[in-house]
Amino acid sequence: MFDFTMEQWLLIAVLAYVAFTIGRMSKSGETPEARATRRMEEETRAADAFSSLSPSIQSDVDRLLMDKKLIEAIKVIREHTGLGLKESKIAAEQRRAQIAA
């Protein structure tokens with residue numbers, strides 16, 4: 001079998017952690033500018049989709065957000081817009097910020 005000392009096991013653990021961290025950092029391969037552009041596009045799609053909701057649905061979402069029920073608000077947005085989870089969350093967070101202002 002393998003008879004490693006405590007120091008060798010520690011070195012293996014540190015190397016594994018460093019490899020994991022580097023892999024996570026380079027996973028997307030996106031530049032910061034590309035990430036910012038993608039984020040702006042997601043925010044625009046979310047805002048457009050929310051504004052296309054009927055006033056009664058918008059009012060339901062507003063009520064849920066005022067009651068601090070973010071997850072329920074996201075569900076309502078997803079059901080009525082067809083957005084994915086991430087963009088629905090962005091739409092709900094944008095609306096919550098508007099209500100709080």
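Is Lys86 buried, exposed or partly exposed? Lys86 is partly exposed, with a relative accessible area of 44%. That value, like the others here, comes from a predicted model.

1. **Lys86 and its partner.** Lys86 forms a salt bridge with Glu42. The closest N and O atoms are 3.4 Å apart. This pair links distant parts of the chain. Glu42 sits in helix H2 and Lys86 in helix H5, 44 residues apart. Glu42 is buried, at 8% relative accessible area. The cut-off for buried is under 20%, so Glu42 qualifies. Arg38 joins in as well: Arg38, Glu42 and Lys86 are linked in a network of salt bridges.

2. Arg45 and Glu87 meet through their side chains in a salt bridge, 2.5 Å from N to O. Arg45 belongs to helix H2 and Glu87 to helix H5. They are 42 residues apart, and this pair too links distant parts of the chain. Arg45 is partly exposed, with a relative accessible area of 41%. Glu87 is buried, at 15%.

3. Glu43 forms a salt bridge with Arg39. Their closest N and O atoms lie 3.1 Å apart. Both residues are in helix H2, four residues apart, which means about one helical turn separates them. Glu43 is partly exposed, at 28% relative accessible area. Arg39 is partly exposed too, at 34%. The structure holds six salt bridges.

4. **Helix H3.** Now look at residues 55–66. Helix H3 has 12 residues and spans 16 Å from its first C-alpha to its last, close to the expected 16 Å. Its buried residues are Ile57, Gln58, Val61, Asp62, Leu64 and Leu65. Viewed down the helix axis, these residues fall within an arc of 165°, so they line one face of H3. Pro55 and Met66 are exposed, on the face turned away from the buried side. After H3 comes Lys68, whose phi is positive, near 60°.

5. **What H3 packs against.** The buried residues of H3 pack against helices H2 (32–51), H4 (70–81) and H5 (85–100). Val76 shows contacts to look for. Beyond its neighbours within four places in sequence, Val76 is in contact with Ile57, Val61 and Leu64.

6. **The core.** The largest nonpolar core has 16 residues. Those touching the most other members are Phe50, Val61, Leu65, Ala73, Val76, Ile77 and Ala92. H2, H3, H4 and H5 are the elements that give two or more residues to this core.

Technical notes: Residues are numbered from 1 along each chain as its sequence is written. This is a predicted model: local features need pLDDT of at least 70, side-chain atom pairs count only at pLDDT 80 or more; totals for chains, interfaces and linings use all residues. Side-chain values use heavy atoms; hydrogens and water are left out. The expected span of a helix is 1.5 Å times one less than its number of residues. Buried means under 20% relative accessible area, exposed over 50%, partly exposed in between (1.4 Å probe, protein chains only). The arc is that of the directions from the helix axis to the C-beta atoms. Contact means heavy atoms within 4.5 Å. A nonpolar core is a set of buried Ala, Val, Leu, Ile, Met, Phe, Trp, Tyr and Cys residues joined through side-chain atoms within 4.5 Å. A salt bridge is a side-chain nitrogen of Lys or Arg within 4 Å of a carboxyl oxygen of Asp or Glu.
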